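This report describes the fold of one protein chain for a reader who is new to structural models. Please keep the sequence and the structure in view while reading.

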Amino acid sequence: MKRFPSLKPALLLTALAFQSVAAEQVDILVYADHVVTMDPSGALLTDAGIAIDDGIIVDLGSRKFIESNYTGRDVLDDKSRIALPGLINGHSHAALSLFRGIADDLALFDWLNDYIFPAENQFADREFVRLGTELACWEMIRGGTTTFVDMYYFPDTVAETVERCGMRALVAATIIDKESPDSDGAEQSLRQGVEFIKRWKNRNPRITPILGPHANFTLSEKQLRDTRTTANQLGVGISVHVSESKFMNEYSIEKFGKTNIAMFESIDFFDGPTITAHVVWPTDEEIEILARRNVGVIHNPNSNMKLAAGIAPITKMIEAGVTIGLGTDSTASNNDLDMWEEMNLAALLQKAATLDPQALPAKKALALATIEGAKAIGLDDKIGSLSPGKRADVILVSYDNVHQLPMYDVISHLVYVTDQQDVRSTIVDGKVLMRNLEVLTIDTDRVAHESKLKAEQIRESIISKARNREVTQ
Ligand SMILES: [Zn+2]
C-alpha cells in the first residue's frame, strides 16, 4: 500500500496484481519484532523483515514492505524475536573446548606451563583438533556467534571443520618457538604456516587464513620480524597475544628493554593488519601506538578475570581511537564460548574499574561484539551490521522466555539479560546453521558422544599420572 498511496481502488487492485507478479524471489526472508541493524545510523526497526539472496542481505525494511516486494524460498518467521548481526568472537583457541574445566583457579603462567602446554603436547593431535573445534563450533552456532578468530595447531583441520559446519572464521597457524603438537619449533611452524596460507588463501570466502605468532615471550625478535615479513609477502594478517599479564611487560623489559607493545612497535611488527588479543597492561604511549597503527584489540574479560590477568583499560583505549572487539579466549580459561557473557562482563568491568556507571554503555558493548569487532578483525566491509550488500550473518534471539520478562529496552536486554540459550536461529552467509534451536550442520549426538569418550581418555591419563607422582614421592 505504501508504494501506491494515491491510487483509486480499481487501479490499486491492478497495481497489486502487477506487484505480486513483480515480487522478487529470494533465498530467505527473516521476520522479527525488532531488527537491531548496528549500521552507522543506529537504526532499530520494529516489526520488520530482511531479504537474503545468494548469501547477501539484499534489503531490509518494515514487514509490509518486505512482504510486498519479496517472496522467500525459505521464511523464518516465528514469534517474539529480535534479529541482529551474528556475534564476532575475536579471539579463541577452539579445539581447547575439550579441556573445559581441566584446571581452574590458577594464575596465567602456572595454568599455561603446568597444565595446558603439557596436556596439549600429550593429547592435541589432528583428531583432537577436529573434535575440539567441532565441539566449539556447535557451541558458537548454538549461542549466536557467526564468526571467530582462531589460533591453534593443525590449522588445516580447523579450517576444514569450519568449512563443514558453515561458520565464518579467520584461522591462524600458530607460530611458536617450542616443541608443539604440530611442529618442533618456530622455523618449522612458520614454514608450515606458509604452506597452510597457500592452501587456503582464496579457497573459501568464509575462511581467511592468517598467521598466529603466539607472543613475544614465546618467540625471538628475529622470529617475530620474520613472521611479519612473511605475512606481508603473503598478503595476510596476524593474530598475536599482547600485554596479557604484568609478566609480559616485565619479561619484555628484561629481554628487550621495552614494554610489550613498545617492543613490537620498535620492530615494525604492526606494519600490516594485526589483531592483538588481551592488551590488559598498555602504557599511555602504547595506547597511542595502537590507535595510530590501526591495530585491532580483542578484549577477553572473562578469561582476564579468571586468570587474574587484570582489567584492560577499554574505555581509555576507545577514547584514544583504538578499535576494540570482544573474544572468549579458549574454553579452558573461560569456561565457555558465550559472547553474551563477554558483552555483559565488558560493560560491568569498565564501570567497576572507572567508578563510572556510564562507562561502556550497553549499546557500545553490543557494538564491540558486532560492528566494532568486525572492524578489529578487518571484515567490516562484509559483516558486523545488517545493511544491504553485506554478507547475511544474522541471528534470531527470543525475548519472551519467562526468565527474560519483561522487556523495556531491546539493547539493554541483549547485553544484560540474554545468554546463549536464548538464541533461536543462526544464519551465516545466507545459510541457516541453526533453526529453532536445532543445529543443522553438526551432528549434535555424535559430537556429544565423542567428546565424552575423549574426556574419559584425558581423565584416565591425568589420574594415572597423579598416581605415579604419588608413588615416586
Ligand atoms: Zn589466547
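## Packing of two helices

Helix α4 (residues 126-143) and helix α5 (residues 155-165) pack with their axes 9 Å apart and at an angle of about 40°. Helices (H or I, at least four residues) and strands (E, at least two) are DSSP runs, numbered from the N terminus. Axes are lines fitted to C-alpha atoms, for helices over the stretch in contact, and angles run from 0 to 180 degrees between N-to-C directions.

On the α4 side the contact is made by R126, V129, R130, T133, E134, C137 and I141, and on the α5 side by T157, V158, T161, V162 and C165. Two residues are in contact if their C-beta atoms, placed from the backbone, lie within 7 Å. An α-helix has 3.6 residues a turn, so residues three or four places apart point the same way.

## The model and its confidence

This is a predicted model, in which local features need pLDDT of at least 70 and side-chain atom pairs count only at pLDDT 80 or more, while totals for chains, interfaces and linings use all residues. Residues are numbered from 1 along each chain as its sequence is written. The term pLDDT is the predictor's confidence in each residue, from 0 to 100.

The chain has an average pLDDT of 93, and 94% of the residues score at least 70. Over residues 1-15, however, pLDDT stays under 50, and the model has seven contacts beyond four places in sequence for this stretch. Where pLDDT is low, the predicted coordinates should not be read in detail.

## The chain as a whole

The chain contains 17 helices and 17 strands. Its C-alpha trace spans about 90 × 50 × 45 Å along the principal axes. Of its 473 residues, 50% count as buried. A residue is buried if 20 or more other C-beta atoms lie within 10 Å of its own, exposed if 12 or fewer, and partly exposed in between, with C-beta atoms placed from the backbone. Among contacts with a separation of 6 or more, 73% join residues 24 or more positions apart.

## A covered helix and a buried glycine

How many of the eight residues of helix α14 (residues 362-369) are buried? Six of the eight are, and the helix is mostly covered. The buried residues are K364, A365, L366, A367, L368 and A369. Their cover includes β6 (87-92), β13 (323-326), α13 (339-354), α15 (371-376) and α16 (410-416).

G430 lies in the loop between β15 (423-428) and β16 (431-435). G430 counts as buried because it has 20 C-beta neighbours inside 10 Å. Leaving aside neighbours within four places in sequence, its contacts are D27, I28, I52, D54, G55, I56 and A392. G430 and G166 are 264 residues apart in sequence, and their C-alpha atoms are 10.0 Å apart in space.

## Backbone details

Most residues other than glycine have a negative phi, and most peptide bonds are trans. The table lists some exceptions.

| Site | Backbone value |
|---|---|
| N334 to N335 | cis peptide bond, omega near 10° |
| L405 to P406 | cis peptide bond, omega near -10° |
| V279 | positive phi of about 50° |
| N294 | positive phi near 55° |

N335 is placed in the loop between β13 and α13, and P406 in the loop between β14 (394-398) and α16. V279 is found in the loop between β11 (274-278) and α10 (284-292). V279 is buried, since 28 other C-beta atoms lie within 10 Å. N294, in the loop between α10 and β12 (296-299), counts as partly exposed, with 15 C-beta neighbours inside 10 Å.
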